[in-house]
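User: I am new to this structure and would like to go through it by question and answer. Please show it to me.

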Amino acid sequence: MLESFSITFGELNFFSIIPMVIAIVGAILIIGLDLYIQKANKQLYAMLAIVFLVLDLGYVVLFGGYGRAFFDLVLIDGISMLGQIIILVGAILFLPLTLSYNKFHEFQYPEYYALFLLMCVGFQFMVSSDHLIVIFLGLETASLSLYTLIAMHNRKNSLEAAIKYFTMGALSAACFAFGSMLLYAASGYLDLENIKNAIDYSSYQPSYLILAAVVFFIAAIGFKVSLVPFHTWMPDVYEGSNSFLAGFISVVPKIAALVVAIRIFSIFQDLIWVHNIFYLLVIVTMTLPNLVALVQKDVKRMLAYSSISHAGFVFSAILISSFQSFSALFMYWILFLFANLGIFAMLWITRTKEQKWDKHYDHPYEKFSGLIKLCPFMAVIMALFMLSLAGIPPFSLFWGKAYLMSAAINNGYLFLAVVMALNSAIAAYYYLKLIVYMFFKEPLVENGAIYLQNVTLPLKIVVGIAVACVCLSSLFVDDILYSVYYFLESSVI
């Protein structure tokens, strides 16, 4: 006969998942309101979603505490808090881009905003657990919502992008499930803390199970972070998504996957062959997308490849696996958030329903020819974001790249630091290519108003925030680093 047990509400530590509950309630409320207020302005749902995300973030920052909950399935530590803050800040800043002048049909559905909130919940659970089953559930919740959001753009290449992203996500989920199964077979546990203790005690035996598990996890995380060679269809996903969602995909899902990678691969950091595989993956992921980005004809596809290269750049922090490298990872991604937010917001502002420059691409380089003569302020702002992504001082990503290369050098990875520097130089070429088109080419259109068809006050505010963060980053980069230190000191890694 099974032994009965009782547990009090307080012992569950329910308050640790209040942030996720807030977002879930917001999603349900949006769907419910649409049933009763069918003629409401659809911008109401965007504003409601932003309000609930702000409440979610407010609870994380002001009332969140560290500890375990729900039979140790949920873990709230410094990494979890950092991950949730980046996820929610990214969501809050990207979501106002749906309040554009042109009324694209997907933004007219309340389900769009409900799915967006549920996607954020999935990412929050991913970073707030060290139990493989909970991470898997968070991964699938976020992924299924994201596939649907991409498909709702309802263009031919959007449906193609959703199917390709679904295929990549299905492979990632399958690899994650197989890796979890093999680790369970090797250790008898599904939570990472006990798995580490068990395989340390057995000296990583049976080795064939550990080897297979690591391979499956590398593939699973590789698909989510877009490591080479698991990146294959990601540029097509960016191209088929609207610029708002493409920018979001380049930042938020990847930080969730990076947090999971930190938790999982910290178990295997003593295995030299895992270290060598990571070294190869990092170098190839930094270099190959950079070379491919050089020959792209569309700005959005160029940014897709550059985002893959940036992912390889920060994945080097997991290879180095030190306190300084993890600090550099989070600082880099915070700075990358604002730079990518800005440039994708500018692409969204210039989005028109008519494809005047190219029948295939929405944002070919020729579209921005002579922009300095038509919309000088817009050209200068886009140039600032390009300079930041290129790592040109004193703009934001320069500090992230410098600190990450410093972490590599301080931990004996001199060759890795040289590869980072070389790839930064390569990347500068294709970032400056857009600046050349804007400042030194002749315009292909006469009326600059065409570039401002989609602009609204919310989009102007978002771009203004991004410009301020990119240009003034040198003033608060020390505060960001101090905050990252504070959270990491209370992390379970």
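User: Is Gln324 buried or exposed?
Analyst: Buried means under 20% relative accessible area, exposed over 50% and partly exposed in between, with a 1.4 Å probe and protein chains only. Gln324 has 17% relative accessibility, so Gln324 counts as buried.

User: What basis do these values have?
Analyst: Residues are numbered from 1 along each chain as its sequence is written, and side-chain values use heavy atoms, leaving out hydrogens and water. Local features need pLDDT of at least 70, side-chain atom pairs count only at pLDDT 80 or more, and totals for chains, interfaces and linings use all residues, as this is a predicted model.

User: Which residues is Gln324 in contact with, leaving aside its neighbours within four places in sequence?
Analyst: Contact means heavy atoms within 4.5 Å. With those neighbours set aside, the partners of Gln324 are Tyr403, Ser406, Ala407, Asn410 and Asn411.

User: In which helix is the place of Gln324?
Analyst: Helices are DSSP runs (H or I, at least four residues), as are strands (E, at least two), numbered from the N terminus. The protein has 20 helices and two strands. Gln324 lies in helix α14.

User: What share of the residues in the protein is buried?
Analyst: The protein has 493 residues. Buried residues make up 61%.

User: What is the radius of gyration of the protein?
Analyst: This radius is taken over C-alpha atoms, and the globule rule is 2.2 Å times the number of residues to the power 0.38. For 493 residues, a compact globule would have a value near 23 Å, and the protein agrees with 22 Å.
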